Amino acid sequence: MAAWAMFQARFGYPPAVVADAPGRVNLIGEHTDYNEGFVLPVALPLRIEVALAPRDDGRVRVGSSGFLAESPRIYQLGVEAPGAGWLDYIQGVTATLHQQGVRLRGFDAWITSRVPPGSGLASSAALMVALLRALRTALALPLDDLALARLAHQAESQFVGARVGIMDQLIASLGTPDTALFVDTRSLAWERVVLPPTLGLLVIDSGIAHQHAAGDYNARRAECERACALLGVPALRDVALADLPRVEALPSPLRERVRHVVTENARVLDAVTALRAGDLARLGALCRASHASQRDDYAVSVPAIDLLIALAEAEPGVYGARLTGGGFGGAIIALVEPARARSIGERIVAAYAQRSGVCPRLLLPAP
Ligand code: GLA
C-alpha cells in the first residue's frame with residue numbers, strides 16, 4: 001500500500017503531504033567521499049515514501065511498513081536521544097533541524113520503502129531526504145536540495161553516529177533518472193552525466209546485511225586519518241598517483257588503504273570520460289579494477305560478494321562488475337547489455353543460490 005493510504009488507515013485522517021527519495025547504486029568511486037575525492041552514483045527507481053501531516057503539539061508519531069517496524073513510535077521534539085534503533089534516523093533529522101535554528105512542529109508520518117535496508121543501497125539517506133522533503137513542503141522551509149543533503153548528512157554522521165561521507169545524501173537529493181551524479185566531494189561541485197542507452201545496470205543484493213554504525217566502516221575512516229597524519233596531508237584527496245612510491249613506505253595496511261583511495265579517484269575521472277564517450281568496454285575494465293582494489297587493498301569485500309562478482313564476470317554480455325556501497329556485505333552492480341540484463345541477472349542469482357545455499361535478490365532490473 002502507498003504511504004498516503006497507510007497513513008490514512010493507521011492514523012484515521014489524510015496526510016497533508018507525500019514526498020519520496022531514491023536509493024542509489026554507486027557506479028564507481030568507493031570510500032572516496034570521506035577522503036574528499038570523487039564519486040559517481042546513480043539514483044535507483046526504488047524509493048522511500050513519507051506521508052506526513054503537522055501536529056499542533058510538539059510530538060512526533062511515526063510508523064512504517066515494508067521497512068523497519070509496523071507500530072508507530074512516539075517522541076517529543078527537543079528531547080531526541082540516540083539509541084532508539086531506526087527511530088534515530090527520524091530523531092536525527094528533527095534534532096539537526098532544531099540545531100540549525102529551524103522552528104519545527106510535531107508531526108505524524110508513515111514511511112513505506114522499496115529500498116531494502118542493509119543492502120548497501122543507501123536506504124538511510126533516502127529515508128532522511130524523503131522526510132526532509134516532506135517537512136520542507138509541509139512547513140514551507142526555505143531549504144534547497146543541496147541544503148537538504150547536508151542536513152541529512154549531518155544527522156547521520158553526528159546524531160546516528162555512522163561517520164559516513166556525503167555521497168548518499170547528495171544522490172538522494174539531486175539524483176534524476178538516467179543520469180549519474182559526478183561529485184567532487186571536496187568542493188561539492190556536481191554535474192549530471194547522461195547514461196548511454198546502450199548501458200544496462202544490474203544490481204543484486206547478496207543477502208548479507210551490513211551495518212555502518214557498527215565498527216568496520218568507521219575503522220576504515222580511522223585508518224585513512226592515520227595515513228593522512230603520517231603523510232602530512234589534510235585529506236587523501238591530496239595524494240596523487242605520482243605520490244604512490246612514497247605511499248609504499250607506509251606501514252601495512254595503511255599503504256593498501258591509501259593505494260585504493262588514490263587509484264579509485266583516478267578511476268572515477270576515467271569513468272566519467274568513458275561514460276561520455278559511450279566506451280562501455282573501458283567503463284567495465286574500470287569497474288573490474290575497482291572491485292579488485294576494494295577486495296585486495298581496502299579489504300571491504302566478503303567471499304559471498306566475490307562469488308557474485310565471479311559469476312557476473314563469467315557471463316557474456318557483462319562489461320564489468322563490482323561491489324557497490326560501504327561493503328562487508330550488501331550488493332553488487334554489473335554493467336550489462338540492456339536487452340540481456342534480466343536473463344543474466346536471473347542466471348547469476350540461480351547459480352549463486354546453488355553454490356552458497358543463500359538466495360540473493362535481483363533488485364535491478366526490478367522484478
Ligand atoms: C557508504 C557511505 C558513503 C560512502 C560509501 C562507500 O555508503 O554512506 O558515504 O562512503 O559507503 O563509498
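A salt bridge is taken here as a side-chain nitrogen of Lys or Arg within 4 Å of a carboxyl oxygen of Asp or Glu, and the structure holds 25 of them. This is a predicted model, in which local features need pLDDT of at least 70 and side-chain atom pairs count only at pLDDT 80 or more, while totals for chains, interfaces and linings use all residues. Residues are numbered from 1 along each chain as its sequence is written, and side-chain values use heavy atoms, with hydrogens and water left out. The chain is divided into domain 1 (3-193) and domain 2 (196-364), with bounds that come from an automatic or database domain assignment.

**Interface between the domains**

- The C-alpha centres of domain 1 and domain 2 are 25 Å apart.
- Domain 1 brings 37 residues to the contact and domain 2 brings 47 residues, contact meaning heavy atoms within 4.5 Å.
- About 3,500 Å² is buried between domain 1 and domain 2, and 62% of this lies on carbon and sulfur atoms; buried area is the accessible area (1.4 Å probe) that two parts lose on being put together, summed over both.
- Of the area that domain 1 buries against domain 2, 20% comes from Ile28, His31 and Arg163, more than from any other three residues.

**Polar and charged pairs across the interface**

- Five salt bridges are counted between domain 1 and domain 2.
- Glu225 and Arg163 meet through their side chains in a salt bridge, at 2.8 Å from N to O.
- There are 23 residue pairs in polar contact across the interface of domain 1 and domain 2, with both residues at pLDDT 80 or more.
- A polar contact is a pair of N or O atoms within 3.5 Å; within protein, one must be able to donate a hydrogen and the other to accept it, and residues adjacent in sequence count only if both atoms are side-chain atoms.

**The side of domain 1 that touches domain 2**

- At least two residues of this side are supplied by each of strand 1 (17-26), strand 2 (38-39), strand 3 (41-54), strand 7 (179-184) and strand 8 (189-194).
- Strand 3 gives the most, with four residues.
- Helices (H or I, at least four residues) and strands (E, at least two) are DSSP runs, numbered from the N terminus.
- By class, the side of domain 1 that touches domain 2 has 18 nonpolar, 11 polar and eight charged residues; Ala, Val, Leu, Ile, Met, Phe, Trp, Tyr, Cys and Pro count as nonpolar, Asp, Glu, Lys and Arg as charged, and the others, Gly among them, as polar.

**Ligand surroundings**

- The ligand is surrounded by 13 residues, of which the closest are Glu30, His31, Asp33, Asp168 and Tyr217; the criterion is a heavy atom within 4 Å.
- A backbone N or O atom of His31 lies 2.6 Å from an oxygen atom of the ligand.
- For Gly165, a backbone N or O atom lies 2.9 Å from an oxygen atom of the ligand.
- Tyr217 has a side-chain N or O atom 2.5 Å from an oxygen atom of the ligand.

- Arg105 and Asp56 form a salt bridge whose closest N and O atoms are 3.4 Å apart.
- This pair links distant parts of the chain, 49 residues apart: Arg105 is in the loop between helix 2 (87-99) and strand 6 (107-113), and Asp56 is in the loop between strand 3 and strand 4 (59-65).

**Backbone geometry**

- Ser252 and Pro253 are joined by a cis peptide bond with omega about 10°, and Pro253 lies in the loop between helix 7 (244-247) and helix 8 (254-277).
- The peptide bond from Leu364 to Pro365 is also cis, with omega near -5°, and Pro365 lies in the segment after strand 12 (361-364).
- Ala122, a residue other than glycine, has a positive phi near 65° and is placed in the loop between strand 6 and helix 3 (123-139).
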